[in-house]
Amino acid sequence: MTGARICDKTRRNRQEMTMRAPLALIVITTALAVSGCSSKGLRDIRSQGTGPDEFAIMPVKPLTQPQDFNVLPAPTPGGANLTDPTPAADAVVALGGRETALQAGGGIPASDQALVNASSRYGVPANTRTALAEEDAGFRKRQARWTRVRLFPVDRYEQAYRKDAINPFNQNERFRRAGAATPSAPPESE
């Protein structure tokens with residue numbers, strides 16, 4: 001009698017073990033599949049909704065009193081207001097530049113003239129930005145021809161420019177062999 005009970009108990013334990021293994025496999029597979037959907041990453045620049053853009057809201061400058069209320073500047077309809085935000089000019093000033101450098105008609109400062117001359121020595125086409133934007137759009141379209149259908153979100157930018165990416169470890173080693181002073185770099189395995 002005891003031998004039969006032991007056999008029955010052993011048989012039940014084996015059945016429970018064979019039932020637990022597929023269940024555990026299903027749970028682990030489901031968890032891995034769902035964890036891949038948790039983050040779209042920083043390079044997915046598509047809009048996630050139709051809501052407001054919180055980065056487009058800029059605070060206005062504080063109101064200030066004029067020196068003399070009898071002599072006020074003439075109003076400029078459609079022109080700039082003293083309290084309008086000027087983020088580009090504020091950034092230039094914060095980085096140590098002059099706000100007047102951004103004003104139209106200011107020309108190229110003498111300190112930058114040598115740089116402009118060197119970079120434009122072979123000529124500068126008038127439609128550089130448009131031409132580059134068209135070439136880039138065509139290149140990305142050709143690269144993504146077979147990659148449009150994906151089960152999970154992918155980084156389209158990295159995917160399109162994978163062949164053009166620079167390996168920082170190879171470049172660092174190349175400069176070291178050339179004798180250039182290079183900063184320390186983390187190991188390649190990280």
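Thr30 lies in helix α1, where helices (H or I, at least four residues) and strands (E, at least two) are DSSP runs numbered from the N terminus. The structure is a predicted model, in which local features need pLDDT of at least 70 and side-chain atom pairs count only at pLDDT 80 or more, whereas totals for chains, interfaces and linings use all residues. Residues are numbered from 1 along each chain as its sequence is written, and side-chain values use heavy atoms, with hydrogens and water left out.

Thr30 counts as partly exposed because its relative accessibility is 44%; buried means under 20% relative accessible area, exposed over 50%, and partly exposed in between (1.4 Å probe, protein chains only). A polar atom of the Thr30 side chain lies 2.8 Å from the backbone oxygen of Ile26. A polar contact is a pair of N or O atoms within 3.5 Å; within protein, one must be able to donate a hydrogen and the other to accept it, and residues adjacent in sequence count only if both atoms are side-chain atoms.

The protein as a whole has six helices and zero strands, and its pattern along the sequence reads α-α-α-α-α-α. Of its 190 residues, 5% count as buried. The protein exposes about 17,600 Å², of which carbon and sulfur atoms supply 60%; accessible areas come from the Shrake-Rupley method with a 1.4 Å probe, and for residues only the protein chains shown count as cover. Among contacts (heavy atoms within 4.5 Å) with a separation of 6 or more, 24% are accounted for by residues 24 or more positions apart.

Thr83 is located in the loop between α1 (2-35) and α2 (87-94). This residue counts as buried because its relative accessibility is 15%. When residues up to four places away in sequence are not counted, Thr83 touches Val60, Lys61, Pro62 and Leu63.

Several features were found at helix α6. At the start of this helix (residues 168-178), a side-chain oxygen of Asn167 reaches to within 3.0 Å of the backbone nitrogen of Phe169. Asn172 lies in helix α6 and is buried, as its relative accessible area is 14%. Leaving aside residues up to four places away in sequence, Asn172 touches Thr182, Pro183 and Ala185. Arg174 lies over the face of Phe175, at 5.5 Å from the ring centre; a charge sits over a ring if NZ of Lys or CZ of Arg is within 6 Å of the ring centre and within 35 degrees of the ring normal. Helix α6 is followed by Gly179, which has a positive phi near 95 degrees.

Confidence is expressed as pLDDT, the predictor's confidence in each residue, from 0 to 100. The mean pLDDT of the protein is 76, and 75% of its residues reach 70 or more. Confidence is lowest in α1, at a mean of 69, and highest in α6, at 89.
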